[in-house]
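Please read the following walk through a structure, with the sequence and coordinates open alongside.

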Amino acid sequence: MYPPPRYLISIIKRLAGLSLKQTSPTHSLFKHLLPAFFCAALSVFALPTHAQSGAFTITQATGWSYASNTLTITANGAYTITMATVGSTTTVDRIVVDSGVTANITLNGVRINRSATANTAAYDITGATVNLTLQGNSTLRSGENRAGLQAPSGATLLIDGSGSLSATGGFASAGIGGYDAAGFRDGGNITINNGTVTATGGYYGAGIGGGNGGNGGTIRINDGTVTATGGNDLGAGIGGGDGGSGGTITIDGGTITATGGNNASGIGGGGSSGSSNGGSGGTITINDGSVTATGGVSGAGIGGSIYGAGGIITIHGGTVTATGGRGGGAGIGGGLSGSDGGTIIIDGGTITATGGSFGGAGIGSGGAESDPSRGASGAITITGNANVTAIGGDTDISYSVGGGAGIGSGASTSAVGIVGVVNTITISTIGTVSATGGTGSTGNGAAIGQGGKNNGPGAGITSWTSPSAQTAIVGNTATFGVTVTPAAGTPLPSLAYQWQESTDGGATFGTVGSAILASYTTVPTTAAMNGYQYRNVLTASNVNSDSTGTITITGTPATLTVTARNATVSVPTTGNEVLIALGVLLAVLGAGALRRKFV
């Protein structure tokens, strides 16, 4: 708070020195009002101060400094920053929060453009903790090697509010997150609670996450509208910069659109300009929200970049649309020639996953190119109440590449070794699963199993059905059945069936020990069996050429309805029908009486 000016202090002193012995009404009234006047005068100087610092106005008198076109927040506190000149377009002034400071900052319509100055960030919170509230529409553009809103490893950033923010990183840096300097390439601890946030990385930088060579850091989105675009080359939409893993990414809500740059994922790993060091997906968890993720060329929609594995991907809910980049990225899983699709668990939500052209799996691995050691499906589990549509990527007829599996591995052009390896695929959901293999010039992908190979289609399963409901009269049996069509590829899988029965409405299932065929006939039914449920567990093993790989599908349960043996006879109750029935009855009784009389 600024002290009162000296002239005001002088005036107050003179007023206070007036003789209070005067008895006129005017003087008496002044005597009573003087204390109130004094307090009011002082309170004027206790109001928040709107101080101008260069191109900005800041509502705090202390805790900051301004020099060389830089507003620096030097102390903990709450600050609101606006443009000093109403209607101004942009400024080259910038904002820095000192390392170690914890500040609540409201950004209201601030527009900073430092894109013409290398190594200069528009807004830098390196080492600080900032709770950023958005009002109005703000834009931040940084120069080469600096992030638009610079929040690298060691910084904590929380974004909230009803306004919007557009942050654009310079070359080799993220839109929001890390930048191209040793020790600061990884993204920091970044949380978005609300607002409209648009983040665009520079070349090699993520939209939100890592700079050149940096991992994504810890990123959580709880709500808001978020659009994140990786740099034109190698930056993930949300996740790693060039060669960086996705870090730890959690989405709990909001509307998110994430698009990777060339060779990078939409959400997950950053790309690679080399031959083996692409970023893996990291740890990605989606609990809710509307998520649209599109990989750049050869990158997964959600998961790894080119040469990057899928990482650990868990989807519990929400509406998720994931599309692999053309050039063999999986919809969900690995990028082109990634080691595998990772560990993928889907137990809720509505998911549509489409592999990129040139043989990416819908869910699983990217295409394997010619390296037989790459492109394994990974461990894939679909359970709970998930509704999943998985479509393998097609390949143009002019290229010698197969189609990707719907769920499983991508296509391979290898002529030797084990190609399109299937690890473990488990499907057991009360929702729906639809899987379609992609088409390719050298072979189509299986619906579940391998992608197409250079010498034919992939092995696995093309189609399967769950049992249908059955009705039986007490004492009779009922027969349930499933149909499985193996894919055309070799080797043909070994198929094993196991039927299970539920006596408690589907809450629990027990194994029917002797029921190991494609169909199952119950014991003679009893009335107590009404409402029992039956399902089949299919195991397809030996999917790969080395006799490994397992696909397990637990079908949707079918219900048994048991009816009584004796049919119910209804007695007519309408007038004419009753009379006719009575007449027939009397006739029968009369005939009987006549026979007894003459015997």
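This is a predicted model: local features need pLDDT of at least 70, side-chain atom pairs count only at pLDDT 80 or more; totals for chains, interfaces and linings use all residues.

Residues are numbered from 1 along each chain as its sequence is written, and side-chain values use heavy atoms, with hydrogens and water left out.

Strands here are DSSP runs of E with at least two residues, numbered from the N terminus, and two of them pair if DSSP finds at least two bridges between them. Strand 5 (residues 77–83) is joined to strand 2 (residues 56–58) by three bridges, and the two run antiparallel. Within that pairing, I81 of strand 5 is the bridge partner of I58. Strand 5 also pairs with strand 7 (residues 102–108), this time in parallel and through six bridges. There, T82 has N108 in strand 7 as its bridge partner.

I159 stands opposite I192 of strand 16. Strand 16 in turn pairs with strand 19 in the parallel sense, again over four bridges. In this pairing N189 has T218 of strand 19 as its bridge partner.

Next comes the interior. A nonpolar core is a set of buried Ala, Val, Leu, Ile, Met, Phe, Trp, Tyr and Cys residues joined through side-chain atoms within 4.5 Å; buried means under 20% relative accessible area, exposed over 50%, and partly exposed in between, with a 1.4 Å probe and protein chains only. The largest such core has 99 residues, and Y123 and L132 touch the most other members. Strand 33 (residues 379–391) supplies the largest share of this core, five residues. Contact is taken as heavy atoms within 4.5 Å. Neighbours within four places in sequence aside, the contacts of Y123 include I95, V97, I105, L107, V130 and L132. L140, G148, L149 and Q150 are also among them.

How many salt bridges does a search of the whole structure find? The search finds two, where a salt bridge is a side-chain nitrogen of Lys or Arg within 4 Å of a carboxyl oxygen of Asp or Glu. In one, the closest N and O atoms of R185 and D180 are 3.1 Å apart. R185 counts as partly exposed because its relative accessibility is 30%, whereas D180 is buried at 19%. In the other, R220 and D252 have their closest N and O atoms 2.5 Å apart. This pair links distant parts of the chain, 32 residues apart: R220 lies in strand 19 (residues 218–221), and D252 in the loop between strand 22 (248–251) and strand 23 (255–259). R220, at 35% relative accessibility, is partly exposed, and so is D252 at 26%.

T250 is found in strand 22 and is buried, with a relative accessible area of 11%. Leaving aside neighbours within four places in sequence, T250 is in contact with I219, R220, I221, T285 and N287.
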